[in-house]
Amino acid sequence: MKLRNTSFPEQLIILAALAVFTGFYLKNALDLGSWIKYGIPSASFLPIVLGALMLFGLVAEFINELRRRRGIGDQISTFRFGTYYKPIGAVLLTAGYVYTFARLGFEISTLLYVLALLSLFGFSASAESLGRRVLLTCATALAITTFVYTFFVLGFGVQLPTRWVLL
Amino acid sequence: MMDQLLGVIHGFSTVLVPNNFLFMVIGLLTGVLFAAVPGLTGTLAIALLLPITFSLDVETSLIMVASIFMGGQYGGSITAITVNIPGAPSAVMTAYEGNKLMRKGKGVLALRHAAMSSSIGGVLGALMLMAFAPAVAVGALYVQTPGKFALILFALFVVIASHKHDLFKGIIATILGLMVATIGIDVASPVARQTFGYPFLIEGVNLMAMLIGAFAVSEMLVQAEPSATDAQTAAFEKQPKVRRSDFFPRLENFWEIGPFNYLKFAVLGYFVGVLPGAGGSSAAFVSYAEAKRASKKPEEYGNGSVEGVAAAEGANNAMCGGSLVPMLTFGIPGDTTSAVILGVLIINGLQPGPQMMSTQFELVTPMMAALLFSAILIPVVLIVIGPYYLKLVSISKALLYATIAVVAMVGAYVSTFSTLQMGTALIIGVGAYLMSKNGYPIVSFLLGFILGPDLEVNLRRSLTISDGDPLIFVTSPDSLFFLLMIVVFGYFLLFKSNDPDPEMGAE
């Protein structure tokens with residue numbers, strides 16, 4: 001799962017995102033008031049300590065990353081957007097699924113989500129014709145939706161926001 | 001002692017109830033199947049099945065997760081041996097030796113050794129868990145508030161230090177987990193904090209959404225990348241077919257390794273498992289290194305050694321029992337999977353610790369017994385589904401991950417019947433994906449999140465007891481003991497260890 005040798009800009013983006021989060025986090029912590037009240041730590045104590053430690057860690061990692069890059073040269077310091085376009089697509093599809101889940105109901109939203117994901121992952125890309133590919137993808141999406149419905153609703157009695165009853 | 005024995009007997013009898021036994025077998029098969037498919041792990045299986053634990057008895061839930069744990073440790077060896085792709089990180093050494101045997105036409109022999117050693121290691125690990133966990137729990141009762149704080153600090157330190165090749169990333173991931181844990185109501189006063197102006201964050205970040213996001217969603221995103229997986233799948237299809245009878249265990253295989261060696265591998269795996277953050281891959285590596293050092297046939301190592309396979313597999317399955325010791329007695333998980341099992345306990349209203357071990361021992365003994373029975377069944381699993389292993393790993397990636405994505409998101413919804421948790425799982429999944437892709441250990445993040453509240457409660461209680469005097473942590477003997485342990489482990493892990501592979505200890 002862990003991939004190595006990501007590019008320098010990617011590492012910087014992560015560090016910058018964490019620094020921004022830490023900034024907001026520290027502001028929230030400082031808004032809570034004094035970190036010591038009546039001589040003992042208050043609700044803001046640990047958040048302030050953690051925020052400060054995080055900033056220290058981020059600076060240290062930034063310096064560490066600079067040193068590491070100097071050691072291995074500039075050969076892998078390119079941002080590879082190509083690596084990310086499918087994961088970004090998956091995130092957007094999932095966000096759309098979260099948005100439509102209660103609005104459209106489990107059946108429609110899940111069917112659309114699975115259809116879109118199967119297409120994104122290139123399901124049945126080797127099918128002989130486009131028509132066959134579409135048919136196979138639709139049938140598989142329906143099968144997965146039915147499986148998940150059966151698993152949760154019929155198997156374990158979980159209530160989902162349904163508009164139509166599948167089975 | 002008598003209570004302990006009765007508790008263990010109760011555990012065995014509970015597992016043997018047909019319904020529980022069925023869930024144990026389902027769990028074992030699920031763990032094996034998930035671990036056998038590269039990219040999927042037993043941990044992911046438990047995370048995905050978390051929502052259904054609501055509709056099961058606590059004992060049945062724990063039986064199922066324990067058997068997934070055991071199956072997940074073993075399942076990684078299958079693709080490791082057959083196609084040189086460790087299905088789980090703990091099977092790296094198995095792949096190193098086992099696949100060489102496969103290429104020599106001894107793949108089935110390697111699979112038989114892996115199953116036998118996994119089974120023996122798993123059984124011994126479960127027995128050691130049953131024997132030692134209650135005693136550790138009695139000792140844990142003497143650890144007071146400052147000691148608990150120092151112990152959690154020690155656990156976090158060991159997890160960070162185990163990623164010494166990316167030390168700052170380990171620190172950052174751990175602190176981030178601790179930071180996320182502080183979101184919501186303060187642990188010691190009725191104050192909402194770190195909500196960033198969003199009222200829904202007052203409840204804090206849901207543990208189930210966290211686990212589903214960190215394992216299932218992030219894995220789906222990893223698999224969405226263009227990678228070598230398709231080439232791997234093509235390689236599986238080229239493997240020759242084998243007969244079912246080839247998978248039956250042989251007594252000669254047992255004597256080839258020897259009872260003393262099996263015991264040694266299991267003991268090593270068990271005690272590595274007890275260390276927080278060490279995990280199955282460390283257990284396998286330590287055991288493999290010791291087996292190689294003491295071997296009468298060292299020349300076979302690196303060229304396909306059945307002893308090497310047995311050492312790695314025996315240890316990583318014995319690790320299952322070891323990693324549950326700190327989780328059950330202190331509430332501190334030993335590895336990622338036991339962290340998720342801790343989540344199952346918490347979600348089901350149980351608080352692991354010495355109190356649970358003394359007052360609710362009967363609730364956890366079925367889980368221990370399930371570990372043992374699952375381990376016994378491993379060779380049977382090999383016989384039953386061995387011939388299908390190669391077909392299993394060639395399942396369409398699109399089909400697999402589309403299904404996982406839906407099960408994960410619906411599972412997150414089920415946790416509170418709110419789409420908010422689906423959104424939370426997605427955000428955490430994206431964060432976990434970016435972190436793991438850039439070398440930040442997710443296990444550190446997760447342990448920080450899970451242990452954060454206990455760390456803060458014990459820190460603040462200790463300082464309240466001492467009127468704000470931090471010297472309480474060095475004047476209290478139990479706290480001083482764990483602080484000294486940090487120094488000792490820090491010395492050995494950071495300065496004396498010669499681990500050549502940065503990936504070896506990272507799981």
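**View 1. Where chain A and chain B meet.** About 6100 Å² of area is buried between chain A and chain B, and carbon and sulfur atoms give 77% of that area. Please keep in mind that this is a predicted model. On one side of the interface, 67 residues of chain A take part, and they are in contact with 70 residues of chain B.

View 2. The rule finds one salt bridge across the interface of chain A and chain B. The salt bridge joins A:Glu61 to B:Lys169, with 3.8 Å between the closest N and O atoms.

**View 3. The side of chain A that touches chain B.** Several elements of chain A give two or more residues to this side, namely helix 1 (8-31), strand 2 (40-41), helix 2 (45-72), helix 3 (85-104), helix 4 (106-120) and helix 5 (130-156). Helix 2 of chain A gives the most, with 13 residues. Sorted by type, the residues on this side comprise 46 nonpolar, 14 polar and seven charged.

**View 4. Chain A by itself.** Here is the fold behind that surface. Chain A holds five helices and two strands, and from the N terminus on its elements run α-β-β-α-α-α-α. Of its 167 residues, 40% count as buried. Among contacts in chain A with a separation of 6 or more, 56% come from residues 24 or more positions apart. The accessible surface of chain A is about 9000 Å², and 69% of this belongs to carbon and sulfur atoms.

Conventions. Residues numbered from 1 in each chain as written. Chains lettered and ligands numbered in written order. Predicted model: local features only at pLDDT ≥ 70, side-chain atom pairs only at ≥ 80, totals over all residues. Heavy atoms only, no water. Contact = heavy atoms within 4.5 Å. Buried area = accessible area lost by both parts, 1.4 Å probe. Salt bridge = Lys/Arg side-chain N within 4 Å of Asp/Glu carboxyl O. Helix = DSSP H or I, 4+ residues; strand = E, 2+ residues; numbered from the N terminus. Nonpolar A, V, L, I, M, F, W, Y, C, P; charged D, E, K, R; others polar. Buried < 20%, exposed > 50% of the residue type's maximum accessible area, 1.4 Å probe, protein only. Areas by Shrake-Rupley, 256 points an atom, 1.4 Å probe, with all protein chains shown as cover.
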